[in-house]
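Welcome, and please take a moment to look over the sequence and the model before reading on. A short tour follows them.

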Amino acid sequence: MAGLAHGGDPRLAARRAAWERKPALRAVYADYYRRMTDALPDGGVWLEIGAGSGHSTGLLDARLRMDILESPWIDVVGDAQRLPFADESLDGIALLDVLHHLGDPGRFFEEAARALKPGGRIVLLDPGITPLSWLFYHFLHEETVDMAADPLAPAANADDNDPFESNQAIPTLLFKREEHRIALSDRVPALKTVERRWLSLFAYPLTGGFKRWTLLPEAWVAPLLRLEDRLLPFLGMWAAWRLLVVLEKR
Ligand SMILES: C[S@@+](CC[C@H](N)C(=O)[O-])C[C@H]1O[C@@H](n2cnc3c(N)ncnc32)[C@H](O)[C@@H]1O
């Protein structure tokens, strides 16, 4: 693991700086963490993976915070693809914007199934690729969106990955393309998908995410999120920016 830890990574520091100067972004993320909390079992040991930027402190009641990079907010430095936890020791696992950075997502789900207690849950929130979000993610964002990839085939660098390497298409391929969803369920039969929901129409993109700009005053976040909840059942598959997925160990 030591070779994978990059203490004080400037990319995490840049995310932290954006977080501190953007109240509207924090309000959108508070809503994300609330939805993730609602999807996890009450009480028990929750592990947050990819917690390196420290955003969840006070918003997600994780007992343990893990990241492959060292930072002041982390309890455990470790790799999601080799979880340093005993079999059936965790009640919940939360990941926000992490799955699409993993070089071998299939191995992560095998590890999560091993470390979760029966009835334990994984909740993940990641980019969702729809016709609208694809335009932005493909043309205006620096991360790759490869919809032709096999999301269960390990990337060439899976064993020593740069934690910011990514394919933003992975969550959508795994949970919205039937052939890949079935392949995941065949490979890790202990995990059952209990929820797959499109999220985020206006508020998240208008915050500018972790970029320098924002078009959204904080006061508009709550009414916009209420409007989104009404529109998502109709517009989600065409225009959502995010995907929330919940899996449960049988
Ligand atoms: C885009 S950041 C998201 C950080 C935070 N969850 C948030 O939403 O702001 C992705 C995080 O996942 C971590 N990460 C990437 N690959 C990982 C792995 N194999 N195991 C554990 N953490 C990993 C990175 O170090 C980084 O902190």
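This is a predicted model: local features need pLDDT of at least 70, side-chain atom pairs count only at pLDDT 80 or more; totals for chains, interfaces and linings use all residues.

Residues are numbered from 1 along each chain as its sequence is written.

A residue is called buried if 20 or more other C-beta atoms lie within 10 Å of its own, exposed if 12 or fewer, and partly exposed in between, with C-beta atoms placed from the backbone. Helices (H or I, at least four residues) and strands (E, at least two) are DSSP runs, numbered from the N terminus.

Leaving out residues up to four places away in sequence, A94 touches M36, L40, W46, E48, L60, A62 and V123; contact means that the C-beta atoms, placed from the backbone, lie within 7 Å.

**The strands**

Now for the strands and their partners. Two strands pair if DSSP finds at least two bridges between them.

| Strands joined | Bridges | Direction |
|---|---|---|
| strand 4 and strand 5 | 6 bridges | parallel |
| strand 5 and strand 7 | 7 bridges | antiparallel |
| strand 6 and strand 7 | 8 bridges | antiparallel |

Strand 5 covers residues 116-127, and 9 of its 12 residues are buried. L96 has L125 in strand 5 as its bridge partner. From strand 4 the chain passes through helix 3 to strand 5 in a right-handed β-α-β crossover; right-handed here says that, with the strands pointing away from the viewer, the path from the first strand over the helix to the second runs clockwise.

Strand 7, residues 242-249, is mostly covered, with 7 of its 8 residues buried. Several residues face this strand: R121 stands opposite E248, D126 opposite L243, and T193 opposite L247.

**Around the ligand**

What surrounds the ligand? There are 20 residues around the ligand, and G50, G52, I68, A80 and P163 come nearest; a residue counts as near if its C-beta atom, placed from the backbone, lies within 6 Å of the molecule. This shell divides into 10 nonpolar, 6 polar and 4 charged residues. Ala, Val, Leu, Ile, Met, Phe, Trp, Tyr, Cys and Pro count as nonpolar, Asp, Glu, Lys and Arg as charged, and the others, Gly among them, as polar.

D97 sits in the loop between strand 4 (90-96) and helix 3 (105-115). Its phi is near 60°, a positive value in a residue other than glycine. D97 counts as buried because it has 22 C-beta neighbours inside 10 Å.

S200 lies in the loop between strand 6 (191-199) and helix 7 (203-207). Although S200 is not a glycine, its phi is positive, at about 70°. Is S200 buried or exposed? With 25 C-beta neighbours inside 10 Å, S200 is buried.

R11 belongs to helix 1, residues 10-21. R11 has 15 C-beta neighbours inside 10 Å, so it counts as partly exposed. R11 and S53 are 42 residues apart in sequence, and their C-alpha atoms are 9.2 Å apart in space.

Definitions and conventions: Two residues are in contact if their C-beta atoms, placed from the backbone, lie within 7 Å.
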